[in-house]
Amino acid sequence: MRSRSDRLLRLVRRPRVPAVIAALTLLVTLVAPGLAGAQEPAPGNNYTIATDITFAPFEFQDESGKLVGIDMDLLAAIAEDQGFTYQVNPVGFDAALQAVTGGQANGMIAGMSITDARKATFDFSDPYFESGVQMGVLESNDSITSYEDLRGKSVAVKNGTEGATYAESIKDQYGFTTKYFADSSSMFDEVRTGNSAAVFEDYPVLAYGIKQGNGFKTVTDKVPGASYGFAVAKGQNAQLLQEFNTGLANLKASGQYDKILDTYLNSDASDDDNSILGLIKSTYPLLLEGLWLTIVLTVISIAIALVLGAIFGLFRVSTNIVLRGIGTTYVDVFRGTPLLVQAFFIYFGIPAALDFQMSAFTAGIITLSLNAGAYMAEIVRGGILSVDKGQMEASRSLGISYLKSMRKVVMPQAVRTMIPSYINQFVITLKDTSILSVIGLAELTQTGRIIIARNFQSFNMWLIIGVMYFIIIMALTKLSNRLEKRINK
């Protein structure tokens with residue numbers, strides 16, 4: 001029996017099969033194992049649970065990279081009590097909501113407030129935490145002591161939190177405006193820069209940050225807020241919801257629930273070394289893992305993009321109006337829409353529409369490949385057009401076919417001009433990997449956000465990560481310069 005690779009090679013060599021079909025077949029062959037594994041239904045009571053990853057003390061990573069926090073410990077204890085297994089998908093709050101509604105996850109636990117609006121989309125468990133809201137300002141700020149002092153100023157809030165809901169409910173009364181951020185550390189940085197006067201935050205999150213030395217203080221009493229609940233999509237996963245409720249009741253009865261809360265809400269302040277050298281020493285294993293994922297995503301995506309770019313670049317200069325139209329459409333679609341939208345559409349939209357699951361890694365590779373491929377196609381088109389038309393005319397006048405003339409005469413000259421642009425696109429794609437954090441890929445930038453959520457040392461951590469990116473990109477730039485010099489000799 002012939003292998004799949006043998007059949008693929010035979011397909012590529014068939015003269016009547018368009019090159020684009022062969023390339024797309026190759027792309028499907030590369031990603032199909034990831035898709036097939038994701039499509040298999042979870043056996044028995046094995047679940048995928050989506051969560052945030054930067055919401056300490058409810059969910060965050062410790063120094064070893066393990067997900068910990070009130071939510072994570074409760075989930076682990078309930079799973080043990082009820083005898084089910086699960087995998088955590090840490091994608092961020094907004095993406096977790098879409099993961100549950102889109103069928104990428106069975107449930108969600110992420111400090112999610114139970115509201116009437118959300119009940120229209122989700123079914124909630126019994127409340128597992130009673131929230132509340134406090135306002136925080138910098139320790140050095142003595143001018144803001146109440147809501148009245150916020151008139152004419154702006155405050156920072158986090159998407160989807162009780163703090164944001166409460167701030168919206170009183171902003172007209174006290175005359176301030178709100179600015180929304182994706183995570184708590186960004187809110188705190190907004191106030192540190194002086195662009196906002198205060199943060200409205202769920203009280204346990206604010207209290208935890210203050211204990212970790214984030215430089216803030218509370219200036220208002222706690223305002224009772226909504227309750228946190230475990231959520232599943234409306235009308236789905238009733239068994240999981242029942243298991244959560246039963247397990248939660250058992251934990252409260254045994255006293256284990258109170259012990260978990262005390263572990264995080266009554267813990268002492270951290271005494272870790274948060275200097276630049278101290279942070280490098282304590283976080284370098286996680287940073288190297290994030291860097292490795294960044295490089296892997298970039299290399300695989302660029303390799304596929306080279307194939308797509310060559311195919312659609314040739315389509316763009318083809319004399320066939322149909323092929324030229326296909327190439328133009330592909331380039332316009334993927335250059336004319338934001339990479340963030342493409343990532344959401346590929347990871348959440350397509351699986352939801354076609355009723356299957358896709359791993360975040362596979363979705364990331366497809367997103368980067370298609371996006372970079374569109375830019376590669378334009379590089380190929382520009383390289384071909386840079387070759388004097390007389391080269392093709394002279395070749396054809398000697399009786400050489402169009403395709404052979406393109407392969408033997410035009411393309412070798414075009415490649416000389418394309419290589420620097422290829423290296424530049426490699427650098428751009430490497431930086432674009434940071435956008436994939438929205439679908440839960442812990443590349444280098446997301447790794448930095450995860451670490452900052454634990455220690456709130458944003459300046460030092462972003463400096464370290466910036467230096468890491470700078471070293472890699474400068475190395476690629478030097479490589480591009482050397483290649484260009486050697487080619488032009």
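Predicted model: local features only at pLDDT ≥ 70, side-chain atom pairs only at ≥ 80, totals over all residues.

Q: Is F470 buried or exposed?
A: A residue counts as exposed when its relative accessible area is over 50%. F470 has 52%, so F470 is exposed.

Q: Which residues make the nonpolar surface patch of about 1,100 Å²?
A: A patch of this kind joins nonpolar side chains within 5 Å of each other. Here the members are I276, L277, I280, Y284, L288, F459, L463, V467, F470, I471 and M474. Helices α11 (276-316) and α18 each supply at least two of the residues. The largest share, six residues, comes from α18.

Q: Which residues gather in a patch of positive charge on the surface?
A: For charged patches, like charges are joined within 9 Å. In this model the positive patch is formed by K478, R482, K485 and R486. One of them, K485, belongs to helix α18, which covers residues 458-487. K485 counts as exposed because its relative accessibility is 61%.

Q: What does the UniProt annotation "transmembrane region" cover?
A: An annotation from a record may be inferred rather than shown by experiment. In this case the UniProt entry, which is unreviewed, assigns "transmembrane region" to residues 291-315, 336-354, 360-380 and 459-479. Two of these spans can be set against the coordinates. Residues 336-354 are 84% helix and 0% strand, with 24 Å between the end C-alpha atoms. Residues 360-380 are 100% helix and 0% strand, and their end C-alpha atoms lie 29 Å apart.

Q: How many salt bridges are there?
A: The rule asks for a side-chain nitrogen of Lys or Arg within 4 Å of a carboxyl oxygen of Asp or Glu. By that rule the count is nine.

Q: Where do K234 and D123 lie, and what links them?
A: Their side chains form a salt bridge, with an N to O distance of 3.4 Å. The pair links distant parts of the chain, 111 residues apart: K234 is in the loop between β13 and α9, and D123 is in strand β6 (residues 122-124). K234 counts as partly exposed because its relative accessibility is 46%.

Q: Which parts does the salt bridge between K179 and E190 tie together?
A: The closest N and O atoms of K179 and E190 are 3.2 Å apart. K179 is in strand β9 (residues 177-181) and E190 is in helix α7, so the bridge ties together parts eleven residues apart in sequence. The two ends can then be read by accessibility. K179 is partly exposed, at a relative accessible area of 34%, whereas E190 is buried, at 10%.

Q: Which residues of α7 are buried?
A: Buried means under 20% relative accessible area. In α7, which covers residues 184-192, the buried residues are S184, S185, M187, F188, E190 and V191. The helix is followed by G194, whose phi is positive, near 90°.

Q: Where do E378 and R381 lie?
A: Both are in helix α14 (residues 360-385), three residues apart, about one turn of the helix. E378 is buried, with a relative accessible area of 16%, and R381 is partly exposed at 25%. A network of salt bridges links R316, R335, E378 and R381.

Q: What should I look for in the backbone of N237?
A: N237 is a residue other than glycine with a positive phi, near 50°. N237 sits in the loop between β13 (231-233) and α9 (238-254). With a relative accessible area of 26%, N237 is partly exposed.

Q: Which residues does the cis peptide bond join?
A: Omega is the angle to read. Here the cis bond joins A56 and P57, with omega about 10°. P57 is in the loop between β1 (46-51) and β2 (60-61).

Q: Is S113 buried or exposed?
A: S113 is buried, since its relative accessible area is 1%. S113 lies in the loop between β5 (107-108) and α5 (116-119). The C-alpha atoms of S113 and S131 are separated by 8.1 Å, and the two residues are 18 apart along the chain.

Methods: Residues numbered from 1 in each chain as written. Heavy atoms only, no water. Buried < 20%, exposed > 50% of the residue type's maximum accessible area, 1.4 Å probe, protein only. Helix = DSSP H or I, 4+ residues; strand = E, 2+ residues; numbered from the N terminus. Patch = residues over 30% accessible without salt bridge, like charges linked within 9 Å, V, L, I, M, F, W, Y side chains within 5 Å. Areas by Shrake-Rupley, 256 points an atom, 1.4 Å probe, with all protein chains shown as cover. Lys, Arg positive; Asp, Glu negative; His and termini not counted. Charge placed at Lys NZ, Arg CZ, Asp CG, Glu CD.
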